[in-house]
Amino acid sequence: MAQSPSDAASGAKSHHDILRRMSLSSPGLQRKSSLVDVDPRAANPTLGLSGGVISATFCIPHSLQLRSGADWGTGARRGTSALFDSFKHLSSDKTPWNHTLVGWTGEINVPDDLTPPDTPPATTTASRIPPLNKSSAPIPVDAFTKPAEQPQSEGLWVSKSDQSRLEWQLAHDKECRTIPVWLSDDTEGDAEGPICLRDQSRWRRYAEHELYTLFHYKQHEPTNGRAERASWADYYRMNQKFANRILEVYKPGDIVMIHDYHLLLLPSMLRLRIPHMYIAFFLHIPFPSSEFLRCLPRRKDVLEGVLGSNLIGFQAHGYSRHFVSCCTRILGFHSDITGVDAYGARVTVGVFPIGIDAAGVAKLAFDNPIINDQVKALRRLYEGKKIIVGRDRLDSVRGVAQKLMAFERFLEKYPEMREKVVLLQVTSPTSIEEEKGDSNNKIANKVSELVAKINGLYGSLGFSPVQHYPQYLSQDEYFALLRAGDTGLITSVRDGMNTTSLEYVVCQRDDHGPLIISEFSGTAGSLKDAIHINPWDLTGVADAINYALTMGEDKKSAMHQSLYHHVTTRTVQAWSNGFLKRLLSVLNSHNPTIATPLLDKVALLTQYRAANKRLFMFDYDGTLTPIVKDPAAALPSDRLIRTLKALAADPRNAIWIISGRDQEFLQHQLGHIPEIGFSAEHGSFMRHPGSKEWENLAEKFDMSWQKEVFDCFQKYTEMTPGSFIERKRCALTWHYRPSDPELGAHMARECQKELENTVGKKWDVEVMTGKANLEVRPTFINKGEIVKRLVAAYGHDIGQPPEFALCLGDDFTDEDMFRALNASSLNPNHVFTVTVGASSKMTLAHWHLLEPADVISSVALLNGGDGNVADLGPLAIVEGRIPEELPGGVIPDEMPGGKL
């Protein structure tokens, strides 16, 4: 090793060689890198790491069988093998981390009842296992009578002792310490008794019906939204139960790694409870473009939920670009390719292509004599023929139909290859709830039709060019299939992580069979030397198949060598270590600022219901109504009026609109609701609930300054086309929103300087900058003074102050309200200060909402008014079940344009 830069340069053949030698000669860098691997706490002393990592995934790696009163039966869960391997690695002694896995139990099964010896067994497995193709179901004797339907189960009861037994078993799992999440309605059992698991698959319904399909660029037909509201409530509650379970085992300094689309809300839910928590999120499926994500009614909730992370990882660059674009286009947050600025904090976005346990796959595939025999048997069976292998789940995104159509085109275009090539296609049942609901088996029927067509056109009595096996494969059969193939063919039309492609490369260690992979697979971007195809271009795929089958040995060897090196070095172990290192780098580089979290609607609703005296204080523009170019056009919506009326109907609620608007506007738009109080012109005038008289709080103040301010505003109005002056009783406002944005902002700065140097020094007034406006008003008049008056009006004796105070505003004039409430004598747990708007701004508010529509939905949650805009998720958590009625009445069908 070189001891100095000069030694490193000696004998180097290129600049890259010099840099490589110098990096090797830097013991400081080596020590730093090795220290991170050996002791991350010592390498990152400022982070206060505990050494613990908590991984959250939707389902634990085990399928479970309840044996009441005895140990639970466990088996390996199918799918996501690479993810489960990463958990094993983090739990092993090869890493310095103390790892814990948190996941749902999955659907729990019970063993079939044992029959007495003299009872004849079921004639076929079809009586116990539903067929993959429903058209193959047994036909009843009476062809006109439907088979008897199985009665719906009332649910599976799991005793407290059985729960404890499973938790002990999983906590002592040799491969990974696991903590199960029990998902049930809180009303179905109590904390110390048995729980009832009813309709277990409903917890995956929203994620797999709505998110999975849309993220794979599939859209549903329009519905009334009733079922989606219920499934969204389950999804929200499921994420909340995960958060509660994680917090039971969390220690300060732990790292929380959250995986996949079932848990998109979890980062923000954890961030609400522990602002300084270290959170990383990784999405294992594609992320769609903004045009598709806009079709999701809950798009904002999903984006806001995942933005509670410090680091968000994706499988491919295209997915990360789509994500940051959605944050800008849908939420209005500033972003670039490296991350998003959200709520005053930076959320880093990165690309981390996941790998497989290559060494483990090689050991399983090559060290088993049974597999060796199976490979020989397959090659004997198809001796003299090239074998194309395909193994896919039977769902719409795997492209099985496209593969068969391309193979048909191959046989048509290259007749000399007929009788010389066989496609071995294995399709396993889909694990996605949405696809299971395909009552007509459209995909299965389409595949069966294509197989029959190809075999009918190009087969014979002794040979069928397509061998289709709709079944699960054992692990031995799977690896034997991959080893026996001459070409691997993957035609996904949309895919995140495809482990089959990586496992095929490992299994071709000796034979170097080429890999053909769809460019729409997330894995394709990291497998540069594979043959990339567009599955929709059937002729192009046919040509690729021919190219792969006729490729020379030298070319195949060179291609496979590159792929094999990538797969065996970019393993799942390297992925886990790299993802954690990147998180630590992000945490070290970012300022330790606390972002303003999203409003905790569960805490809001809980405190609202517990309070007997409630005080509401709303700004108007930008809070109850969106900001518009013409201030006169900012009219209250029908939904807002219905929601305010429902809120005001409760005598325990005191509602105030505290606005910069003048008396006439507030009186005209909302004055017909007598229970609402008003404060106009930033606190210059007040009108108490039930009264029609306005109190002038500034009548003794000299207003002579207004003429000088008006003349100044008039001068800048003439220089700024589109701008205008609004004259109020106690203030003057210059609006420049209709003007050119750059010119308006420049003129506003100049006008502000002039006023501060003239009127501001002569009179007791202040010059305030608003959203595309400039306002001059008396210094003693501000919204904070009104808030102090309202709180004091309740009194300070026991039982007098409000037990619930909600204050919402969107600009810097509303910071006076937040400041006054934060300094008040009210119990901090009873006060909710909320800033509204898309900009990532510093604020005195403790909570954040994105836009006026979110304000209305949050208020509707408290006391009804419009069931279509209220969020069922928090309501379901507070009540422990999905409510059949909202505070405002029965849940109605979705209205046109409504928010689900």
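Contact is defined here as heavy atoms within 4.5 Å. The structure is a predicted model, in which local features need pLDDT of at least 70 and side-chain atom pairs count only at pLDDT 80 or more, while totals for chains, interfaces and linings use all residues. Residues are numbered from 1 along each chain as its sequence is written, and side-chain values use heavy atoms, with hydrogens and water left out.

H216 lies in the loop between α7 (205-215) and α8 (226-249); helices are DSSP runs (H or I, at least four residues) numbered from the N terminus. Buried denotes under 20% relative accessible area, for a 1.4 Å probe and protein chains only. H216 counts as buried because its relative accessibility is 5%. Not counting residues up to four places away in sequence, H216 touches I285, P286, V397, R494 and D495.

A nonpolar core is taken as a set of buried Ala, Val, Leu, Ile, Met, Phe, Trp, Tyr and Cys residues joined through side-chain atoms within 4.5 Å. The largest such core holds 91 residues, of which I255, L404, F407 and F410 touch the most other members. Helix α22 (residues 572-589) supplies the largest share of this core, with eight residues. Beyond residues up to four places away in sequence, L404 touches L423, V447, L450, V451, I454 and V466. A second, separate core comprises 67 residues, including Y235, L296, V306 and F333.

E408 is placed in helix α15 (residues 400-413). With a relative accessibility of 12%, E408 also counts as buried. Its contacts, leaving aside neighbours within four places in sequence, are with K453, I454, L457 and Y458. The C-alpha atoms of E408 and V451 are separated by 9.3 Å, the two residues being 43 residues apart along the chain.

Helix packing was examined for α18 (residues 475-484) and α19 (residues 499-507), which pack at an angle of about 65 degrees with their axes 8 Å apart. Axes are lines fitted to C-alpha atoms, for helices over the stretch in contact, and angles run from 0 to 180 degrees between N-to-C directions. Since angles of 65 to 115 degrees count as roughly perpendicular, α18 and α19 are therefore roughly perpendicular to each other. The contact is made by Y478, F479, L482 and R483 of α18 and by T500, E503, Y504 and C507 of α19. By class, this contact of α18 with α19 has five nonpolar, one polar and two charged residues, where Ala, Val, Leu, Ile, Met, Phe, Trp, Tyr, Cys and Pro count as nonpolar, Asp, Glu, Lys and Arg as charged, and the others, Gly among them, as polar.

Methods:
Buried means under 20% relative accessible area, exposed over 50%, partly exposed in between (1.4 Å probe, protein chains only). Helices (H or I, at least four residues) and strands (E, at least two) are DSSP runs, numbered from the N terminus. Angles under 35 degrees count as roughly parallel, over 145 as roughly antiparallel, 65 to 115 as roughly perpendicular and the rest as oblique.
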